[in-house]
Amino acid sequence: MADYANAARRFVMATPAYLRLRDVLVRAHRNNVHVTREDLARRYLTGSGIEIGALTTPLRVPPGVRVRYVDRKSRAGLLEEEGPELRAKGLNPDAIPETDVVDDAGTLANFGESEVDFVVANHVLEHLEDPIAGLRNLLRVTRPGGIVLLTLPDARHTFDARRQRTSPEHLVRDHQEGPEASRRAHYEEWARIIEGLPDDRIEERADEFAREDARHHFHVWELDDFLELLRAVPLGGELVEARAYGIEFAVVLRKTSPPSPSDSTTGQPCTRAASLGSQLSKRSSS
Ligand SMILES: C[S@@+](CC[C@H](N)C(=O)[O-])C[C@H]1O[C@@H](n2cnc3c(N)ncnc32)[C@H](O)[C@@H]1O
């Protein structure tokens, strides 16, 4: 019965009249984050995939599409750690789905190569210290032809507005030298710009963040900065769509080919990124 209902829904959703009506509605609400996310899901997601870090807003996917939820903690762990803060922000912690797989988005060590049809990660990548490794792993676990759908806060419209945007050079350095190279500076920046602390409080606050292993926004982008990263560092995926809307932007990548050994997290950075890295070291020593 459920199969029949899904097939009927899919049939209606593919009719030209339905699609035209949907386009009108989406255009009218294009700055609404949930409307645009769902529109992208309907355009690009099929089969069986994962959503990382759904928290209180699991993406609504088209009928027949299967999603497993991945997070760094079990649902109980997330409720304990984040529940009070979510409630204080007016969000409903009960909406957090059960975590199917506890894993780190940066490595996805519990997933094999080409295991899923798609990966969704809404507002997750900015929490990773090494987004290049993270992106490569999202693409690694996606089958060739499959989709990686990312949304990220648009720095112009969030509390990050006054922070410097993250360059590809910075990310290549974090990837090559390890995130420890810039962790302290990120913590200090957070204390200074986001918390607005005076100079004599910065070091002490950065120490606290280090003890807590704080995972707030390490990196800051607008859509153009992120597209620059995609152009500078080959990741194994082609850009199929990019949109900025409301407080966030979305990037849709299609996995182009099985990743080469140099595209894995543990391997060396790819040639172009390596050359970007060597240009950088020449520049900084001159
Ligand atoms: C800011 S919330 C995003 C919530 C929701 N997707 C949204 O768009 O509003 C970040 C989510 O990513 C998860 N997360 C952050 N870093 C992670 C990591 N390294 N591995 C797995 N999940 C992570 C957090 O636990 C949380 O569920």
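Mentor: Happy to! Let's begin with Leu55, which sits in the loop between strand S1 (48-52) and strand S2 (66-71). Strands here are DSSP runs of E with at least two residues, helices are runs of H or I with at least four, and both are numbered from the N terminus. Before going further, note that this is a predicted model, in which local features need pLDDT of at least 70, side-chain atom pairs count only at pLDDT 80 or more, and totals for chains, interfaces and linings use all residues. Residue numbers start from 1 along each chain as its sequence is written.

The phi of Leu55 is near 50 degrees, a positive value in a residue other than glycine. Leu55 has 19 other C-beta atoms within 10 Å, so Leu55 is partly exposed. The scale works with C-beta atoms placed from the backbone: 20 or more others within 10 Å make a residue buried, 12 or fewer make it exposed, and anything in between is partly exposed.

Leu55 also brings us to the ligand. Of the 17 residues that surround the ligand, the closest are Gly53, Leu55, Arg72, Ala105 and Asn122. A residue is near a molecule if its C-beta atom, placed from the backbone, lies within 6 Å of it. The shell is made of seven nonpolar, six polar and four charged residues. In that sorting, Ala, Val, Leu, Ile, Met, Phe, Trp, Tyr, Cys and Pro are nonpolar, Asp, Glu, Lys and Arg are charged, and the others, Gly among them, are polar.

Now pick out Asn122 from that group. Asn122 belongs to strand S4, and its 22 C-beta neighbours inside 10 Å are why Asn122 counts as buried. Leaving aside residues up to four places away in sequence, Asn122 touches Arg37, Gly53, Thr57, Leu59 and Thr151. Here, contact means C-beta atoms, placed from the backbone, within 7 Å of each other. There is also a pairing across the chain: Asn122 and Leu150 are 28 residues apart in sequence, yet their C-alpha atoms are separated by 5.5 Å.

One step along is His123, in the loop between strand S4 (116-122) and H5. His123 has a positive phi of about 55 degrees, although it is not a glycine. With 18 C-beta neighbours inside 10 Å, His123 counts as partly exposed.

Key: Contact = placed C-beta atoms within 7 Å.
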